Amino acid sequence: MLVDAHNHLDFWRDEVSLIRTVEEYEVYTLCMSMDYSSYLRCLRMPDSRFLFKCFGIHPWRVKGSIDVSTYEDEVRASKVVGEVGLDFHWAKDRSKYSHQVQVFRDLCLIANKYDKMVNVHTKGAEAEVYDILKETMTPAIIHWYDGGVDDFNKLKELDTLFTISVDAGYNEMTDYIIKNTPLDRLLTETDGEGSMEWVDPAKKSSPLRVVDIGKYIAMIKGMDYDEVRDRINKNFISKFL
Ligand SMILES: [Zn+2]
């Protein structure tokens, strides 16, 4: 068993080989969606007992205020609510930031209502994400954190889980997170096709990148890979299986 706690099914060009890999290596996958149409695309893709198709609205897709109460059924049907969050870095149109905040906060409240965790994008808005998670008391998986140390420490106080993504070995902040987060609060993730090529164009994206990430975590923590993999599996099982 392996864990991919943040992947985007609809980003993969070759879904057949993706699903073959997931099945062969038993990669339990939280499949994120970007918005409602992305969620529908994911639902139309082949099913597997290892794929959990989740509804979310990514901050990049927020163009105005959204009445998220119309998505209660989708939230209830999801293992986690994601991808959600805020982005004040890559999303350049500041006039949309207040809408991002409204959508994220309201989705957190609905997630809470149905006892779901949120799978959160925090880029450039780490302090604001912290405020909303704290205010709404929403349990969260912080996906591919790349903000500052102070905000990381604040988010850690909230009992969040952190995913380690494909920049393990390429980013000092990721080393810091690995060193400073107990193993029982770490998960691995790939973030879909293209993320690996974005970090290192010489390497192809694959769900099996979570093995490389697990080995890197083991190296940084001075542990055996098997022990790290088993602990990450346990983290996933205790929350989602
Ligand atoms: Zn993502």
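Visitor: How are the donor residues of the zinc ion spaced in sequence?

Guide: Donors are N, O and S atoms within 2.8 Å of the metal (3.2 Å for Na, K and Ca); water is not among the atoms, so sites may look incomplete. Here the spacing is H-x1-H-x74-E-x107-D. This is a predicted model, where local features need pLDDT of at least 70, side-chain atom pairs count only at pLDDT 80 or more, and totals for chains, interfaces and linings use all residues. Residues are numbered from 1 along each chain as its sequence is written, and side-chain values use heavy atoms, leaving out hydrogens and water.

Visitor: Which atoms coordinate the zinc ion?

Guide: They are His6 (NE2), His8 (NE2), Glu83 (OE) and Asp191 (OD), at 2.1 to 2.3 Å. His8 and Asp191 link distant parts of the chain, 183 residues apart. His8 sits in the loop between strand 1 (2-7) and helix 1 (15-25). Asp191 sits in the loop between strand 8 and helix 8 (195-199). Helices (H or I, at least four residues) and strands (E, at least two) are DSSP runs, numbered from the N terminus.

Visitor: Are His8 and Asp191 buried or exposed?

Guide: Buried means under 20% relative accessible area, exposed over 50%, partly exposed in between (1.4 Å probe, protein chains only). Both residues are buried.

Visitor: How do I read the strands in the open sheet?

Guide: Two strands pair if DSSP finds at least two bridges between them. Five strands form this open sheet, in the order 4-5-6-7-8, with parallel pairing. Strand 4 (80-85) and strand 8 (186-188) are the edges, each pairing on one side only. Strand 5 (residues 117-121) and strand 6 (residues 140-142) share three bridges. In strand 6, Ile141 is the bridge partner of Asn119.

Visitor: At what angle do helix 4 and helix 5 pack?

Guide: Axes are lines fitted to C-alpha atoms, for helices over the stretch in contact, and angles run from 0 to 180 degrees between N-to-C directions. Helix 4 and helix 5 (residues 126-136) pack at about 30°, with axes 10 Å apart. Contact means heavy atoms within 4.5 Å. Among the residues that meet are Val101 and Phe104 in helix 4, and Val129 and Ile132 in helix 5.

Visitor: Why does Asn233 count as buried?

Guide: Asn233 counts as buried because its relative accessibility is 8%. Asn233 is in helix 10. Leaving aside neighbours within four places in sequence, Asn233 is in contact with Met1, Leu2 and Val3.
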